[in-house]
Amino acid sequence: MKTFAYFRAETADQAPHLLASHASPDYLDGQQANASQGGKYIAGGTNLLDLMKLQIETPIALVDISRLPLTDVEETAEGGLKIGAMVTNSDLAAHPLVRERYAVLSRALLAGASGQLRNKASTGGNLLQRTRCYYFYSPTSPCNKRIPGSGCPAREGRNRMHAILGISEHCIAQHPSDMAVAMQALDASVETRRIDGSSRRITLADFYLLPEDHPERENVLEVGELITHVILPPVPAGQHAYRKVRDRASYAFALVSVAAVIDATAGQINSARLAFGGIGVMPWRNREVEQLLCSQPASPQLFNQAAELLLKDARGSGDNNFKIALTRRVLLSVLTDACKGELQ
Ligand SMILES: Cc1cc2nc3c(=O)[nH]c(=O)nc-3n(C[C@H](O)[C@H](O)[C@H](O)COP(=O)(O)OP(=O)(O)OC[C@H]3O[C@@H](n4cnc5c(N)ncnc54)[C@H](O)[C@@H]3O)c2cc1C
Ligand code: SF4
């Protein structure tokens with residue numbers, strides 16, 4: 001591991017200043033291709049420390065945000081929830097309001113990682129965890145996400161875990177988070193604090209970026225911008241489910257997952273929120289599919305049309321071709337169960 005300076009932030013206002021005052025001017029100007037060469041926040045450290053040990057992230061300074069008072073889950077005036085960025089995955093999954101109203105989120109969190117990891121992993125850090133592409137974690141491999149322009153060996157190499165939607169010729173890495181998939185279905189937003197002291201709110205739908213020509217850029221956060229909270233709007237009526245297909249029953253990333261909030265009777269879907277994990281370069285949601293499902297009486301034909309629409313642009317790269325058929329089957333089973341009132 002390379003040496004780095006270490007600072008602990010006591011307040012959310014202080015953290016961006018600390019990061020700014022210990023980063024090079026190039027980094028702050030956004031000139032540096034690999035932002036990991038500047039300063040980094042460390043929350044639970046469950047992803048960042050692994051990457052630092054491999055020298056894939058080599059920050060010159062760490063700003064420890066683990067003691068920031070961002071550990072509350074509060075009700076908002078609108079009837080939603082405001083979740084502090086340092087709420088752990090375990091605490092969020094177990095929170096009574098989350099279990100009662102946002103069961104899809106609680107289930108997605110509990111489907112991720114292991115109990116020990118969830119006790120450390122934070123809400124903000126989970127949204128920003130890096131891909132699990134094997135080549136990204138191998139310092140001796142080329143990888144456009146790590147070293148822009150160096151190539152993407154995953155496209156013709158080992159790509160069983162990789163994305164089938166949103167990919168580009170420069171990167172096919174999948175987004176690994178389970179929590180973010182449920183939050184995408186719930187129309188979550190993040191609240192942030194920038195280096196200049198200003199705050200902003202970004203919907204999760206606008207937060208992540210497609211790889212296109214710049215897979216090294218994964219989201220719209222500016223250099224040094226701190227996530228302070230996640231906001232969940234009131235949840236619509238419906239049955240909640242998080243289904244995750246993986247290689248073993250626990251402690252494995254999703255091959256395909258779906259977060260669903262569906263209001264349905266035997267003959268009609270009244271509203272559907274569906275977000276997918278394991279198949280996209282970001283937590284994947286397609287609102288046209290949701291609209292189609294509510295546009296006519298529920299039937300196997302309609303469900304097949306919805307699967308066609310969802311997978312219209314899906315592209316396998318070899319090892320991961322199976323994800324196209326698997327996604328279809330997972331979607332059909334979720335919709336069928338929802339119409340029987342048996343979604344869980
Ligand atoms: C063996 C293993 C199995 C796993 N399995 C799963 C799984 O099945 N499903 C799943 O979803 N996840 C899984 N994970 C990933 C785990 O959930 C993440 O590592 C964790 O959520 C990251 O949170 P953290 O607080 O530890 O982040 P850190 O490692 O501290 O930080 C991650 C990144 O986020 C940045 N950051 C953190 N907080 C903020 C903030 N508030 N504002 C701005 N930037 C911030 C950091 O600078 C860093 O770049 C697994 C991890 C491991 C090691
Ligand atoms: S898929 Fe993306 S992360 Fe993996 S090797 Fe290719 S460029 Fe790197």
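Helix α11 (residues 287-294) and helix α12 pack at an angle of about 170°, with their axes 9 Å apart. Axes here are lines fitted to C-alpha atoms, for helices over the stretch in contact, and angles run from 0 to 180 degrees between N-to-C directions. The two helices are therefore roughly antiparallel to each other, a label for angles over 145 degrees, while those under 35 count as roughly parallel, 65 to 115 as roughly perpendicular and the rest as oblique. This is a predicted model in which local features need pLDDT of at least 70 and side-chain atom pairs count only at pLDDT 80 or more, while totals for chains, interfaces and linings use all residues. Residues are numbered from 1 along each chain as its sequence is written, chains are lettered from A and ligands numbered from 1 in the order in which they are written, and side-chain values use heavy atoms, with hydrogens and water left out.

Who touches whom? On the α11 side are Glu 288, Val 289, Leu 292 and Leu 293, which meet Leu 302, Phe 303, Gln 305, Ala 306, Leu 309 and Leu 310 in α12. Contact means heavy atoms within 4.5 Å.

Helix α12 (residues 300-310) also packs with α13 (residues 322-339), at an angle of about 140° and with the axes 10 Å apart. That makes α12 oblique to α13. The residues in contact include Phe 303, Ala 306 and Leu 310 of α12, and Leu 331, Leu 332 and Leu 335 of α13. By class, this contact has eight nonpolar, three polar and two charged residues. Ala, Val, Leu, Ile, Met, Phe, Trp, Tyr, Cys and Pro count as nonpolar, Asp, Glu, Lys and Arg as charged, and the others, Gly among them, as polar.

Now for the aromatic rings. Rings of Phe, Tyr and Trp (its six-membered ring) pair if their centres lie within 6.5 Å; planes under 30 degrees apart count as stacked, over 60 as edge-to-face and the rest as tilted. The count comes to three aromatic pairs, and the table shows two edge-to-face ones.

| Pair | Centre to centre | Angle between planes |
|---|---|---|
| Tyr 134 and Tyr 135 | 6.4 Å | 70° |
| Phe 207 and Tyr 208 | 5.0 Å | 85° |

Tyr 134 is partly exposed, with a relative accessible area of 26%, whereas Tyr 135 is buried at 15%. Buried means under 20% relative accessible area, exposed over 50%, and partly exposed in between (1.4 Å probe, protein chains only). Phe 207 and Tyr 208 are both buried.

Finally, helix α6 (residues 103-110) is mostly covered, with six of its eight residues buried. Among them are Val 104, Leu 105 and Leu 109. Helices are DSSP runs (H or I, at least four residues), numbered from the N terminus.
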